[in-house]
Amino acid sequence: MSSIDQAFIQAAEDAAEAAGRVIRPLFRSALLVEAKGDASPVTEADRNAELAIRALVRERFPDHGIWGEEFGPERAEAEWLWVLDPIDGTRAFVTGRPLFGTLISLLHRGRPVLGLIDQPGIGERWIGVAGEKTRFRSPLGGAPGCRPCARLAEAELSCTSPDMFEPADRPGFERLRGAARRVTWGGDCYAYGLLALGLVDVVAECTMKPWDWAALVPVVEGAGGRMTGWAGEPLTLESDGRVLAVGDPALLGEAVGLLQG
């Protein structure tokens, strides 16, 4: 069983609700979009949603750290660290596609022990807790649990964009893509949620920051999958941004072999 305090889980859910109240009125509205350093779009929804989450965490757990995409680290050396991405998939958000999500994770001494994916537009939520089965709520149906798929030749592969690969990483991904049954582009965090529902089998991506992947690990692994770096190593706050998720752990060795060449 999990040793995660129920108060942590409740805080993550309440934080997702607070973020959703900011995000929903702005979705598909006329937003002022500005560019930031990495050329990804930022909106008032990103910033205000993160501020809402930070305020809740500070109030309930003043000794915890917070590290968010929009406002950076605060007490990042703390034993308990909340890692936040208020809108993962901002490009989807600003183009009106409901494939974005709010990511809220809690790390204990660097290890993700709680992860939440919230899709506020359509009311879907995944909750992953270390040592427990992933929970899922949706008006559209679906049940948490990765499906058996022992061979890449039968696997559905997903990736947000071919543009995320550096030249050195592209050959490995192309080997993986060539071995898979099919590849579907787009999805951001939503693809990992679909993997946890048994609808996608493999996700391989690059340039992932801790706030992009930390919430996904407990969700994927609580559904029976595995999530690692491209060499099969555990993900840490110092990881290189290359992320691999498989629904059936039997796929991990084959996928790693192709990515590594």
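Helices (H or I, at least four residues) and strands (E, at least two) are DSSP runs, numbered from the N terminus. The model is predicted: local features need pLDDT of at least 70, side-chain atom pairs count only at pLDDT 80 or more, and totals for chains, interfaces and linings use all residues. Residues are numbered from 1 along each chain as its sequence is written, and side-chain values use heavy atoms, with hydrogens and water left out.

**Exercise 1. Overall dimensions**

Task: State how many helices and strands the protein has, and compare its radius of gyration with the globule rule.

Solution. 
- Step 1. The protein has eight helices and 14 strands.
- Step 2. The radius of gyration is taken over C-alpha atoms, and the globule rule is 2.2 Å times the number of residues to the power 0.38. For 261 residues the rule gives 18 Å; the radius of gyration of the protein is 17 Å, close to that value, so the protein is as compact as a globular protein of that length.
- Step 3. The C-alpha trace spans about 50 × 45 × 35 Å along its principal axes.
- Step 4. Of the 261 residues, 54% are buried (buried means under 20% relative accessible area, exposed over 50%, partly exposed in between; 1.4 Å probe, protein chains only).
- Step 5. Among contacts with a separation of 6 or more, 61% come from residues 24 or more positions apart (contact means heavy atoms within 4.5 Å).

**Exercise 2. The seven-stranded sheet**

Task: Give the strand order of the open sheet, and find which helices pack on it or lie across its strands.

Solution. 
- Step 1. Two strands pair if DSSP finds at least two bridges between them. The order is E4-E3-E5-E6-E7-E8-E9, with mixed pairing.
- Step 2. Strand E4 (72-74) and strand E9 (135-137) are the edges, since each pairs on one side only.
- Step 3. From one strand to the next the twist averages 10 degrees (axes are lines fitted to C-alpha atoms, for helices over the stretch in contact, and angles run from 0 to 180 degrees between N-to-C directions).
- Step 4. Helix H1 (residues 6-23) packs on the sheet and touches E5, E6, E7, E8 and E9; its direction makes about 35 degrees with that of E7.
- Step 5. Helix H2 (residues 44-60) lies across E3, E4, E5 and E6, and runs at about 155 degrees to E5.

**Exercise 3. The buried side of helix H4**

Task: Identify which residues of H4 are buried and what they pack against.

Solution. 
- Step 1. The buried residues in H4 (residues 170-179) are Gly-172, Phe-173 and Leu-176.
- Step 2. They cover an arc of only 95 degrees around the axis, which puts them on the same side of H4 (the arc is that of the directions from the helix axis to the C-beta atoms).
- Step 3. The buried residues of H4 pack against strand E10 (156-159), strand E11 (182-185), strand E12 (202-205) and helix H8 (252-260).

**Exercise 4. Two loop residues**

Task: Classify Arg-28 and Gly-247 as buried or exposed, and place each in its loop.

Solution. 
- Step 1. Arg-28 is in the loop between H1 and strand E1 (34-35). Its phi is near 60 degrees, a positive value in a residue other than glycine.
- Step 2. With 59% relative accessibility, Arg-28 counts as exposed.
- Step 3. Gly-247 lies in the loop between strand E14 (243-246) and H8. Gly-247 is buried, with a relative accessible area of 5%.
- Step 4. Setting aside neighbours within four places in sequence, Gly-247 is in contact with Cys-146, Arg-147, Leu-195, Asp-201, Gly-224 and Gly-225.
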